[in-house]
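Subject: Handing over the structure, with notes on what was found

Dear colleague,

I am passing this structure on to you, and below it you will find my notes. Please keep the structure open beside the text as you read.

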Amino acid sequence: MRNPQNRPWMICGLFLCCLHLYLLLTTAWVADDAFITFRTIDHFLQGDGPRFNVQERVQTYTHPLWFLCLSFLSYFSGEIYYTTLFFSVSLAMTGLGMLVHGLAPKWEGRLLALGLVCFSKAYVEYSTSGLENPLSHILLAFFVWIWCKNKSSIWLFGTAGLLLLNRLDLGVLLAIPLSVHVDQHRSGKTVLAAMVGFLPLLLWELFSMVYYGFPFPNTAYAKLFSTGLSRWELVQQGGFYLLNGLWVDPVTIVGIGLGVGFALGDRNMKTWPLA
């Protein structure tokens, strides 16, 4: 039986979930970068290959898993704009359910998490946008759930492989937890689990090498090696981004700080690698 004392908490939680859905629907949008992927999907579905310009084999999108998901859905829906918005909102609300029921054991934590995601400008606005963020959010939530519940290595590496297939940059968030897991579970089974988990990513990289001639999207080479800017200028601009975030979206910055703080407060040190 449900505890009647939890009813006020449940009502507040339901209100915040409805508020989150309202905010997603009223701020839903598609960024200009997403139309690069849309054009590539259109050529792909017409039989011209996954390329931006029909005559050039260039990978202009940076999210292969997101690209494949949207291609699959658009094939059946017959259009891409509203399909992407519907898929994004569905993923965002599913991820919210995982956050509330899978990761936060107490109602106080659930309401804090709900409040943070509702009033985080970055989280709400990039839960749509046509980019890969909502898929990354739900996969990250699943990764954290697997980590906290001590699930098998195959689940951990499988989710990590999908996250990297969705966006290689996410490796920054996964490197330490995966390294700690390997150090704590030194066995042939762990190595086998890693090989199986990263197999989709490996297959994609092989395809990319054969089809595009490069392992990474062309934007990665442009951003990392051809900016014409010094390392100091890039670091300085990163500082400006942080200050701007504190000014226009303080909830996101505070939320990140709270997340790291609570994770480091775990006496069992289970969440320290995540922090």
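Where in the chain is M269 found? M269 is found in the segment after α14, the helix that covers residues 250-264. Before going further, please bear in mind that this is a predicted model, and that the values below were computed from it. M269 has a positive phi of about 60 degrees although it is not a glycine, and with a relative accessibility of 46% it counts as partly exposed. A second residue that is not a glycine but has a positive phi is N150, where the value is near 55 degrees. N150 is found in the loop between α7 and α8, and because its relative accessibility is 57%, it counts as exposed.

Helix packing

For the pair of helix α2 (residues 34-45) and helix α3 (residues 64-77), the axes come within 10 Å and cross at roughly 55 degrees, which makes α2 oblique to α3. The crossing of these two helices, α2 and α3, is right-handed. On the α2 side the contact is made by T37, F38, T40, I41, F44 and L45, and on the α3 side by F67, L70, S71, S74 and Y75. When the residues of this contact between α2 and α3 are sorted by class, seven are nonpolar, four are polar and none is charged.

Helix α3 also packs with α4, at an angle of about 125 degrees and with the axes 10 Å apart, and the two helices, α3 and α4, are therefore oblique to each other. In this pair α3 passes α4 in a right-handed crossing. The residues that meet are W66, C69, L70, L73, S74 and S77 in α3 and T83, T84, F87, S88 and L91 in α4, and the contact of α3 with α4 divides into six nonpolar, five polar and no charged residues. If you compare the residue lists, you will see that L70 and S74 of α3 take part in the contact with α2 and also in the contact with α4.

Helix α4 (residues 81-103) packs in turn with helix α7 (residues 133-148), at an angle of about 20 degrees and with the axes 8 Å apart. An angle under 35 degrees counts as roughly parallel, so α4 is roughly parallel to α7. Here α4 passes α7 in a left-handed crossing. The contact is made by S88, L91, T94, G95, M98, G102 and L103 of α4, together with P134, L135, I138, A141, F142, V144 and W145 of α7. By class, the contact of α4 with α7 has ten nonpolar, four polar and no charged residues.

Salt bridges

Side chains of opposite charge can pair when their charged atoms come close. How many salt bridges does a search of the whole structure find? Such a search finds four, and among them is the one in which the side chains of E132 and R167 meet, with 3.7 Å from N to O. E132 lies in the loop between α6 (121-125) and α7, while R167 lies in the loop between α8 (153-166) and α9 (171-184), so this pair ties together parts that are 35 residues apart in sequence. Both E132 and R167 are buried.

R167 also forms a salt bridge with D169, where the closest N and O atoms are 3.6 Å apart, and in this way E132, R167 and D169 are linked in a network of salt bridges. Another salt bridge is made where the side chains of D183 and R186 meet, at 2.4 Å from N to O. Of these two residues, D183 counts as partly exposed at 45% relative accessibility, whereas R186 is exposed, with a relative accessible area of 69%.

A last residue to look up

P200 has its place in helix α11, which covers residues 199-211, and it is partly exposed, with a relative accessible area of 33%. The C-alpha atoms of P200 and G158 are separated by 8.8 Å, although the two residues are 42 residues apart along the chain.

Methods: Residues numbered from 1 in each chain as written. Predicted model: local features only at pLDDT ≥ 70, side-chain atom pairs only at ≥ 80, totals over all residues. Heavy atoms only, no water. Helix = DSSP H or I, 4+ residues; strand = E, 2+ residues; numbered from the N terminus. Buried < 20%, exposed > 50% of the residue type's maximum accessible area, 1.4 Å probe, protein only. Axes fitted to C-alpha atoms, helices over the stretch in contact; angles between N-to-C directions. Parallel < 35°, antiparallel > 145°, perpendicular 65-115°, else oblique. Left-handed = near helix turned anticlockwise from the far one by under 90°. Contact = heavy atoms within 4.5 Å. Nonpolar A, V, L, I, M, F, W, Y, C, P; charged D, E, K, R; others polar.
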